[in-house]
Amino acid sequence: MGGTDATQPDEPVDNPFFAWLWKTLSSHETDAVRRMRSENLAGLSGRVLEVGAGTGTNFEFYPSTVDEVVAIEPERRLADVARQAAAKAPVPVAVTGDTIEKFSSAQPFDAVVCSLVLCSVDDPERVVSQLFSLLRPGGELRYLEHVAGEGFKARFQRLADATVWPRLFGGCHTHRHTEQVIAAGGFGVRGTRREQALPAWVPVPTTEFAIGRAIRPA
């Protein structure tokens with residue numbers, strides 16, 4: 001059974017338009033995205049940290065081998081929805097309103113989950129370093145992220161990032177080389193692949209996802 005935690009952040013994130021937009025989008029995810037969410041969490045066990053939980057879309061997919069999930073969501077409206085999802089989750093989930101930059105834990109985690117969040121943080125290198133420090137040696141980072149494309153898609157992404165896209169989508173930057181940042185942060189990237197969550201011709205810069213796992217060396 002899931003649970004909640006009423007912890008609030010020192011400086012709550014207040015983005016009402018993005019919160020409304022994300023609640024709408026997350027309730028209408030494609031089958032492909034839901035399948036990738038499930039795949040990204042498969043086989044996890046022990047104590048898990050989820051960064052950028054949003055509305056708690058991942059929670060239903062955690063396997064019973066997970067003992068506890070600590071889920072970070074700093075946008076207060078999204079955190080409220082995530083707490084409702086946590087109450088229905090198949091494993092214990094505690095939602096905190098911290099930011100990952102300020103989050104600390106006395107005990108390391110067995111795994112960290114990032115789903116569509118490293119595209120939105122201000123300093124990806126700093127955040128990846130923080131995730132590395134929160135994992136036990138041998139622990140896994142599981143990621144499902146928008147990634148930089150090539151050719152015309154890359155030009156489209158850079159244009160979107162320089163104009164309205166980050167303003168509309170909570171700071172999301174579509175043209176980020178996230179896997180390179182993860183590897184440069186000391187992780188060993190394993191089993192990664194890219195997949196089109198939407199047809200390539202759909203006129204949005206976020207059709208391609210990277211899904212994979214990265215290990216903190218023992």
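Figure 1. Axes here are lines fitted to C-alpha atoms, for helices over the stretch in contact, and angles run from 0 to 180 degrees between N-to-C directions. Helices (H or I, at least four residues) and strands (E, at least two) are DSSP runs, numbered from the N terminus. Welcome to a predicted model, in which local features need pLDDT of at least 70, side-chain atom pairs count only at pLDDT 80 or more, and totals for chains, interfaces and linings use all residues. Residues are numbered from 1 along each chain as its sequence is written, and side-chain values use heavy atoms, with hydrogens and water left out. Two packed helices are described by the angle between their axes and the distance between the axes. For helix 1 (residues 16-26) and helix 3 (residues 76-87), the axes come within 8 Å and cross at roughly 35°. On the helix 1 side, Pro16, Phe18, Ala19, Trp22 and Lys23 meet Arg77, Leu78 and Val81 of helix 3 (contact means heavy atoms within 4.5 Å). This contact has 6 nonpolar, no polar and 2 charged residues. In this classification, Ala, Val, Leu, Ile, Met, Phe, Trp, Tyr, Cys and Pro count as nonpolar, Asp, Glu, Lys and Arg as charged, and the others, Gly among them, as polar.

Figure 2. On a 1 Å grid over the protein atoms alone, a pocket is an open set of points where a 1.4 Å probe fits, with protein on both sides within 12 Å along at least five of seven lines; lining residues have an atom within 4 Å of a point. Grid points are joined across faces, edges and corners, and a volume is the space filled by probe spheres set on the points. The largest pocket has a volume of about 1,200 Å³. Look for Phe18, Trp22, Leu116, Ser120 and Phe169, which lie nearest its centre among the 49 lining residues. Helix 1, helix 2 (31-41) and strand 1 (46-51) are the elements that give two or more residues to this lining. Helix 1 gives the most, with 5 residues. Sorted by class, the lining has 22 nonpolar, 17 polar and 10 charged residues.

**Figure 3. The second largest pocket.** This pocket has a volume of about 260 Å³. Of its 15 lining residues, Thr55, Gly56, Thr57, Glu60 and Ala85 are the closest to its centre. Helix 1 and helix 3 are the elements that give two or more residues to the lining. By class, the lining residues divide into 4 nonpolar, 6 polar and 5 charged.

**Figure 4. Aromatic pairs.** Rings of Phe, Tyr and Trp (its six-membered ring) pair if their centres lie within 6.5 Å; planes under 30 degrees apart count as stacked, over 60 as edge-to-face and the rest as tilted. The count by this rule comes to 6 aromatic pairs. One of them joins Phe18 and Trp22, a stacked pair at 6.0 Å centre to centre with 25° between the planes. Because Phe18 and Trp22 are 4 residues apart in helix 1, about one helical turn separates them. Phe18 and Trp22 are both buried (under 20% relative accessible area; exposed is over 50% and partly exposed in between, with a 1.4 Å probe and protein chains only). Trp165 and Phe169 form a stacked pair too, at 4.2 Å centre to centre and 25° between the planes. Trp165 and Phe169 are likewise buried.

**Figure 5. Leu116 in its loop.** Leu116 sits in the loop between strand 4 (109-115) and helix 4 (124-134). Though not a glycine, Leu116 has a positive phi of about 60°. With a relative accessible area of 13%, Leu116 is buried.

Figure 6. Val70 belongs to strand 2 (residues 66-72) and counts as buried at 10% relative accessibility. Leaving aside neighbours within four places in sequence, Val70 is in contact with Arg47, Val48, Leu49, Glu50, Ala94, Thr96, Phe103 and Phe109. Val95 is 25 residues from Val70 in sequence, yet the two are 6.1 Å apart in space, C-alpha to C-alpha. Gly46 is found in strand 1 and is buried, with a relative accessible area of 12%. With neighbours within four places in sequence again left aside, Gly46 touches Thr65, Val66, Asp67, Glu68 and Asp110.

**Figure 7. Arg194 on strand 6.** Arg194 lies in strand 6 (residues 188-196) and is partly exposed, at 37% relative accessibility. Apart from neighbours within four places in sequence, Arg194 is in contact with Val147, Ala148, Glu179, Glu208, Phe209 and Ala210.
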